[in-house]
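Please go through this structure with the text below, which takes up a sheet and then a surface patch.

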Amino acid sequence: MSSPGRTAPRTGSAQARSTRPQDFLRGDTGVLAVLRRIHDLPVTSYYLVLAATLALTGIGLVMVLSASSITSYAGGEGSSFSVVGRQAAFAVVGLLAMLGLSFVPLRGWRMIAPFAIFIGIALQVLPFIPGLGRTVNGSTSWVSIGGIQGQPAEFVKAALALWLGVFLANKAHRLRSLKEMMPAVAVLGIVLGFILYGRDLGTGLIIMGLALGALFVGGVPWRYFLGALAAIGVVVTLMVITSANRMARVRAMLTGSDSAEMDPLGQHWQSNHGLYALASGGWFGVGLGASREKWSWLPEAHNDFIFAIIGEELGLLGSVVVLLLFAALGYGLVRIIMRSRDRFVQTSTAAVFMWLVGQAAVNIGVVAGVLPVIGVPLPLVSYGGSALLATLIAIGMVLSFARAEEGAREAMRAQSNRVRSSLAVLARRPARQK
C-alpha cells in the first residue's frame with residue numbers, strides 16, 4: 001500500500017494557467033467557460049483564501065459587536081463597544097501581519113520553522129507560572145500580561161503546522177523507519193502534554209487533527225498513520241471517561257431532547273439555548289442586533305456559540321453564507337495543496353486546513369447539537385484576540401505559499417502594472433482649451 005499524500009499532482013495545463021489577458025479572453029465567452037478560465041488562473045488560490053478570510057473577519061467583528069454589546073455594558077465595562085474594540089485592535093494587527101507574511105519566500109519559512117516551534121513550546125509553560133497563568137472554565141491554558149489575556153496554544157498551532165511541514169518534507173524519503181519519526185513524536189508529545197495537563201481537551205483535539213492532516217499529506221506510511229490515529233482515540237477516550245464533567249457533556253449530547261433524561265438547568269442549558277437561537281432565526285433571522293438569547297441566556301454567545309447568534313439574527317441565509325465562506329476557504333487551501341509540487345507547502349497547508357476547517361466543523365457541530373459541548377471558537381468569527389491573531393498569521397503563511405505557485409507572481413505583477421496605468425490615466429489632467 002502506498003503512503004498517503006505521496007502524489008499531489010498540479011492541476012491544469014500551462015496553457016490554462018496563462019496569465020496574459022488576451023489568452024484569458026480568447027475563446028468561448030460562456031459563463032461556464034469564463035468561470036473555468038478564472039478557476040485555472042494561478043492567482044485564484046491566493047484571492048480565494050484572501051477574500052474568504054476578509055469576509056469572515058468582517059462578519060466576525062459585526063457579530064461580536066452584536067453578541068457582546070448587552071453583556072459588555074451590563075458587566076461593568078461601561079460601554080457596549082469595549083469587547084468589539086479589543087477584537088478590532090487584534091484584527092488590524094493580525095491583518096497587517098497576514099499581508100506582511102504573505103511576502104515571505106518559502107526558504108524564509110523553512111529557516112523560521114525551528115525557532116517557531118521552540119518559541120511555541122516555551123509559551124506553553126507560561127500558563128503554569130504563578131501570577132501569569134489563568135484558569136478559565138476549568139482550563140489552565142490562559143496567560144494574563146499587562147491586562148491582556150490570551151492562549152499560547154493558539155500560536156503553537158501555527159508553529160506546529162509550519163514545523164511539521166518542514167520536518168516531513170526533509171524526511172520525505174526516510175519515513176519508513178520509526179526512528180526517523182521520533183523528533184515529530186517528541187514534539188507532538190510535549191505540545192499535547194502541556195495542553196492536556198491544563199485540562200484543555202478541546203484545543204488538544206484540534207492539534208491532534210492538525211497533526212493527522214500533516215502526517216497524511218506528508219507521506220507517512222499507513223501503519224504509522226493508523227497507529228497515530230489509534231493512539232489519539234485511546235487518549236481521548238481516557239480523557240473523557242476519567243472526567244465527570246466531560247462524561248456529563250457526552251450524556252447530554254446523546255440524550256438530546258429526551259425530556260425524561262434532560263437536565264435543562266444543568267448540562268443541557270447551553271446546548272438547548274443554542275438550538276433555541278438557531279430555531280428562532282427562521283429563513284432570514286430576527287434582524288441584526290435583535291437577538292434575545294444574547295441577553296445573558298446563552299453562555300459564551302460572542303465566543304464559542306457565536307454561530308447560534310448568527311443563525312438567530314441572520315437566519316438560515318446568514319448561516320449558509322458563513323458555511324459557504326468556510327467552504328471557499330477550505331477549497332482554496334485544498335487547491336494550494338493540489339497545485340504545488342513542494343512537499344513542505346502541501347504538508348503545512350494540509351495542517352492549516354485541518355486546523356481551520358476542522359475547528360469550524362467542530363464548533364458548528366457543537367452549536368447544532370450533534371457534538372458534545374467543546375470549548376473551541378469559530379475561526380476568524382468568534383471573540384478572542386490571540387485566536388484571531390494566530391489564525392491570521394497562519395493564513396499569511398498560506399498566502400505566501402499561494403504566491404509561490406508557478407505564474408502567480410507574474411500575474412500579480414501584471415495586475416499591479418495595469419492598476420498603476422489606470423490610476424495614472426485618471427490622475428492626468430486634461431489639457432486646457434485655448
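**The sheet and a surface patch**

In this predicted model, three strands make up an open sheet in the order β1-β2-β3, and their pairing is antiparallel. The edges are taken by β1 (133–136) and β3 (148–150); each has a single partner strand, so one side of each is left without a neighbour in the sheet. Direction ignored, neighbouring strands of this sheet are turned by 40° against each other on average.

Strands of a sheet pair through backbone hydrogen bonds, in a parallel or an antiparallel sense. Between β1 and β2 the antiparallel pairing runs over four bridges, and R134 stands opposite W142 in β2. The hairpin of β1 and β2 has two residues between the strands, and in this hairpin N137 takes a positive phi near 55°.

On to the other pair: β2 (residues 139–145) and β3 are joined in the antiparallel sense over three bridges. V143 has G150 of β3 as its bridge partner, while S144 has Q149 of β3. The hairpin of β2 and β3 also has two residues between the strands, and there G146 takes a positive phi near 60°. Six of the seven residues of β2 are buried, so β2 is largely enclosed by the rest of the structure.

The surface patch comes next. W283, F284, L316, L317, V320, V321 and L324 form this nonpolar patch, and together they have about 740 Å² of accessible area. One of these residues, L324, is found in helix α12 (residues 306–339). L324 counts as exposed because its relative accessibility is 54%, and the cut-off for exposed is over 50%.

Definitions and conventions. Residues are numbered from 1 along each chain as its sequence is written. This is a predicted model: local features need pLDDT of at least 70, side-chain atom pairs count only at pLDDT 80 or more; totals for chains, interfaces and linings use all residues. Side-chain values use heavy atoms; hydrogens and water are left out. Patches are made of residues with over 30% relative accessible area and no salt bridge: like charges are joined within 9 Å, nonpolar side chains (Val, Leu, Ile, Met, Phe, Trp, Tyr) within 5 Å. Accessible areas come from the Shrake-Rupley method with a 1.4 Å probe; for residues, only the protein chains shown count as cover. A salt bridge is a side-chain nitrogen of Lys or Arg within 4 Å of a carboxyl oxygen of Asp or Glu. Buried means under 20% relative accessible area, exposed over 50%, partly exposed in between (1.4 Å probe, protein chains only). Two strands pair if DSSP finds at least two bridges between them. Axes are lines fitted to C-alpha atoms, for helices over the stretch in contact, and angles run from 0 to 180 degrees between N-to-C directions.
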